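Work through the exercises below with the structure in view. Each task is followed by its solution.

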Amino acid sequence: MNLKRTFGTILTILGIVGLIYTGVGIIQKSAEMTTLVVVGIIAIMFFFTGIGLVRNTADKAV
């Protein structure tokens, strides 16, 4: 597996985890809103960067 594709997968998973954390925090109102906004923005950036890496990385047969 390509290193870029693996890194993209890791970023995507981190983004999903961050978005779930943000959603749960908003529903339960357990943390401060500024913390949740920052975590949500970082999670969105991770998610879309990871998706972009996975999508744009070409598979090369070795």
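**Exercise 1: two helices**

Helix H1 (residues 3-28) and helix H2 (residues 33-56) pack with their axes 7 Å apart, at an angle of about 150°. The model is predicted: local features need pLDDT of at least 70 and side-chain atom pairs count only at pLDDT 80 or more, while totals for chains, interfaces and linings use all residues. Residues are numbered from 1 along each chain as its sequence is written, and side-chain values use heavy atoms, with hydrogens and water left out.

Task: state how H1 is oriented relative to H2.

Solution. Step one: angles over 145 degrees count as roughly antiparallel. Step two: H1 is therefore roughly antiparallel to H2. Step three: the contact of H1 with H2 has 16 nonpolar, 10 polar and 2 charged residues.

**Exercise 2: an aromatic pair**

Task: find how many aromatic pairs the whole structure holds, and classify what is found.

Solution. Step one: a search of the whole structure gives 1 aromatic pair (ring centres within 6.5 Å). Step two: the ring centres of Phe47 and Phe48 are 5.3 Å apart and their planes stand at 75°, so the pair is edge-to-face (planes over 60 degrees apart). Phe48, at 56%, is exposed.

Technical notes: Rings of Phe, Tyr and Trp (its six-membered ring) pair if their centres lie within 6.5 Å; planes under 30 degrees apart count as stacked, over 60 as edge-to-face and the rest as tilted. Buried means under 20% relative accessible area, exposed over 50%, partly exposed in between (1.4 Å probe, protein chains only). Axes are lines fitted to C-alpha atoms, for helices over the stretch in contact, and angles run from 0 to 180 degrees between N-to-C directions. Helices (H or I, at least four residues) and strands (E, at least two) are DSSP runs, numbered from the N terminus. Angles under 35 degrees count as roughly parallel, over 145 as roughly antiparallel, 65 to 115 as roughly perpendicular and the rest as oblique. Ala, Val, Leu, Ile, Met, Phe, Trp, Tyr, Cys and Pro count as nonpolar, Asp, Glu, Lys and Arg as charged, and the others, Gly among them, as polar.
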